[in-house]
Amino acid sequence: MSANHDDHSFKQVRSNMEKRYFVGRDKEIGIFESYLKDISCPKKILNIHATGGMGKSYLLDQYKRISTNYNSRFILINSRDFAHSPQQMMRQIYELLGGNEQEKLDHKACIMHINLLAKDTAVILAFDTYEEMQDLDYWLQNNFISHLDHRVLIIISGRYPLQEHWFISPGWRNLIEDLPLRELTLAQTKEYLNKYNIKDMAQITAIYNLSQGHPLTLSLSASMVNNNHPIRKDLFQETNLFYSLTEQWLKEVKSAALRTTMESIALMRRFDQDILADVLKNKISNDLFKHITSYSFIRLGKRGWMMHDLMRDAISLNLRKRSPKRYNEINQAIAAYYFNQIEGNELHKDQSWLLSEFFYHLEDDMIRAIFYDTAPRHHYDLEYVHGSNADEAKQYLQNLKFTSLYENATFNTQYTEENQPIQLIASKEYKRVESELLTQPDFLHSEHNHFILLKQHGTILGLALVIPIHKNSVDYLTHQPVTRAYFQNLTHEQKTKFYVPMHEPCGWYIRMMDVIDPEDAVARSVILQELLQILFKGKMIIASNPLPFYQQLLKRLGFIEVEGAAHHDYGVNLPAPTQILDIKSMGLENYLKHLASNAGIALNREAHVQFTDLTARENEIAHLILEGATNKTIAEKLFVSEVTVKKHLTNIFSKKQIKNRSQLVKLLMDEIIKNMYR
């Protein structure tokens, strides 16, 4: 075949296309090129690892193209191209180097061949899909790589990082460059989609929110757009390509029983050994948990382990369609677990994430679509300001007439059978009146207004306006439009409960939440998450809005309409009820049970013996003592210091007139036995 003809072969055309569409990976490319420029660099083993679809093989192909510019020999060894034995691997490498395939060969001869070649040119040996070569891992390290010339560069690419035995020796450890592949950034996503002639920023943002920068998902999304399909999560998850991606990940899970376990994990946003044992109603051994968390699509986050979001969505959606009964049973078990982790008396700062998980598992489509079903939010910042520091917030309010105030926002609901999006559409009259009310001088410059600015790289994208309720703000709230509808109807006696110190408000009036771009799903979700965070403080929240969307949302969150507090401050055609949620008065446990009941979930506290003369926290510590937990373990579980645990134990011993932990355990056991025969 002529060289000219070969340039137009399918293989060459495909390579040229892949080169054209390759974006990102600047760090990985830079490290590889630094070796080609100076083969004496100390890092001789590049360990590339990531989940399926992250572009590991594409990166190796790019390495191969780059190496030709440096007249280097790049040898790519794929685990699927040879039978897994040392002899067959050596033959595969030798043949790729241009050796005689009929020649009898042992690994020493192959090593000698490579070392001779490395004296004249840079040699790169790249092992792809290394997760399938685990049976050769020790042999490759100790019998092959150990004897190669120090100028040879080794690339090991697979789903997992190299195992521990590669790092035990400082000699090996210092040779390895760890290169975990991450999702592409928004800027890299834009660069990639521009190559597909997708240049509309709203469409690019929608694709990024859907794909989260996952390269294979980006490619599938671009294909959908070029075939005139709308970009929506629910539609994307119906594609055969998406399920193929999930099946690719699940190839790692060989056991049918473990695949079933993965279905339970897919319903959790985060998990640990305790919640798995509780939900599965089965003990999870340390070895089993270690095995589960070793999969490439599982990673450790701030509050537990997490399955890759795209895979989690696909498995959970598939389970819901295939076995709705089992789906509901697992989801309700997870909700019950978080309910039992939340203290029954009052909230504290360490419980907000537990409440967030509980809300998620209520299976309310509207709550999920608005608060949870968005891309990661790490590139957003929230800034709290009030009083003299609120100039940016005041300018935002003055610009409201030119920006969104909820115009034409859509929240996609992937879980409803109809997959109908929830829409938030505000009238022009509402927008005009609200912007006028919020920019009245006595309101705009009030010291009572607290602003939460949503920013990205210093640019304001949204704003929440809340007014703390305390003795100094009650009169202000009584005379302002919108807020006055509730406070003017209160008797003097009813108002007195609001006369609390400024630093300890009894609640908040949510006056406004807005984003500049109503189509920015992530920004909307971040600013609305503040509603949940305020709610999680466990006090009183009041709001009034004429839009049915917000009225429905607050009702889903347990707000009730206040009789006699409706008003027409937004205009005669825009009646607005006042809605209130008072968690402190109704009790946190009753509130959570009420929400769960509305979602068809029955909740009951785990049956524990409770000492009436001990506080809720002291009872909790007493039962952890019964389970054999040390002070350190108790402190970690309850997010307190060991000193605090010791103080609680001192109080418990004093109240129960006992001297030590052993006597406390005996006391608890006696009570449990008594209850069994009552």
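# A walk through the predicted model

In helix H10, which spans residues 201-211, the buried residues are Ile 204, Thr 205, Ile 207, Tyr 208, Asn 209, Leu 210 and Ser 211. This description, like everything that follows, refers to a predicted model. At the start of H10, the backbone nitrogen of Gln 203 is approached by a side-chain oxygen of Asp 200, which comes to within 3.0 Å of that nitrogen. Just after H10, on the other hand, the backbone of Gln 212 adopts a positive phi of about 55 degrees.

Positive phi values are also found at two further positions. Arg 25, a residue other than glycine, has a phi near 60 degrees, and its place is in the loop between helix H2 (10-21) and helix H3 (26-37). With a relative accessible area of 9%, Arg 25 is buried, because the cut-off for that class is under 20%. Asn 71, again not a glycine, has a phi near 55 degrees and belongs to the loop that runs between helix H4 (56-69) and strand E2 (73-78). The relative accessibility of Asn 71 is 66%, so this residue counts as exposed, the cut-off here being over 50%.

The crossing that the pair H5 and H6 makes is left-handed. On the H5 side, Met 90, Ile 93 and Tyr 94 take part in the meeting of the two helices, and on the H6 side they are met by His 107, Cys 110, His 113 and Ile 114.

The next stop is the loop between helix H13 (240-250) and H14, where Ser 255 is placed. Ser 255 is partly exposed, its relative accessible area being 30%, and its side chain reaches the backbone nitrogen of Leu 258 at a distance of 3.2 Å.

How many salt bridges does the structure hold? The structure holds 15 of them, and one is formed by the side chains of Glu 263 and Arg 326, with an N to O distance of 2.4 Å. This pair links distant parts of the chain, given that Glu 263 is in helix H14 (residues 256-266) and Arg 326 is in helix H18 (residues 324-341), 63 residues apart. Glu 263 is buried at a relative accessible area of 14%, whereas Arg 326, at 24%, is partly exposed.

Another salt bridge joins Asp 569 to Arg 484, and here the closest N and O atoms are 3.0 Å apart. Because Asp 569 sits in the loop between E15 and E16 while Arg 484 belongs to helix H25 (residues 484-487), the pair ties together parts that are 85 residues apart in sequence. Arg 484 counts as partly exposed, with a relative accessibility of 28%.

A further salt bridge brings together the side chains of Lys 655 and Glu 618, at 2.8 Å from N to O. Here too distant parts of the chain are linked, with Lys 655 in helix H33 (residues 642-656) and Glu 618 in helix H31 (residues 616-626), 37 residues apart. Lys 655 is partly exposed at a relative accessible area of 37%, while Glu 618 is buried at 4%. Elsewhere, salt bridges that share partners join Glu 263, Arg 322 and Arg 326 into one network.

The walk ends at His 567, which lies in the loop between strand E15 (560-561) and strand E16 (578-582). Is His 567 buried or exposed? Its relative accessibility is 7%, so His 567 counts as buried. When neighbours within four places in sequence are left aside, the residues in contact with His 567 are Val 482, Ala 485, Ser 544, Leu 574, Pro 575, Ala 576 and Thr 578.

Methods. Residues are numbered from 1 along each chain as its sequence is written. This is a predicted model: local features need pLDDT of at least 70, side-chain atom pairs count only at pLDDT 80 or more; totals for chains, interfaces and linings use all residues. Side-chain values use heavy atoms; hydrogens and water are left out. Helices (H or I, at least four residues) and strands (E, at least two) are DSSP runs, numbered from the N terminus. Buried means under 20% relative accessible area, exposed over 50%, partly exposed in between (1.4 Å probe, protein chains only). Contact means heavy atoms within 4.5 Å. A salt bridge is a side-chain nitrogen of Lys or Arg within 4 Å of a carboxyl oxygen of Asp or Glu. A crossing is left-handed if the near helix is turned anticlockwise from the far one by less than a right angle, and right-handed if clockwise. A polar contact is a pair of N or O atoms within 3.5 Å; within protein, one must be able to donate a hydrogen and the other to accept it, and residues adjacent in sequence count only if both atoms are side-chain atoms.
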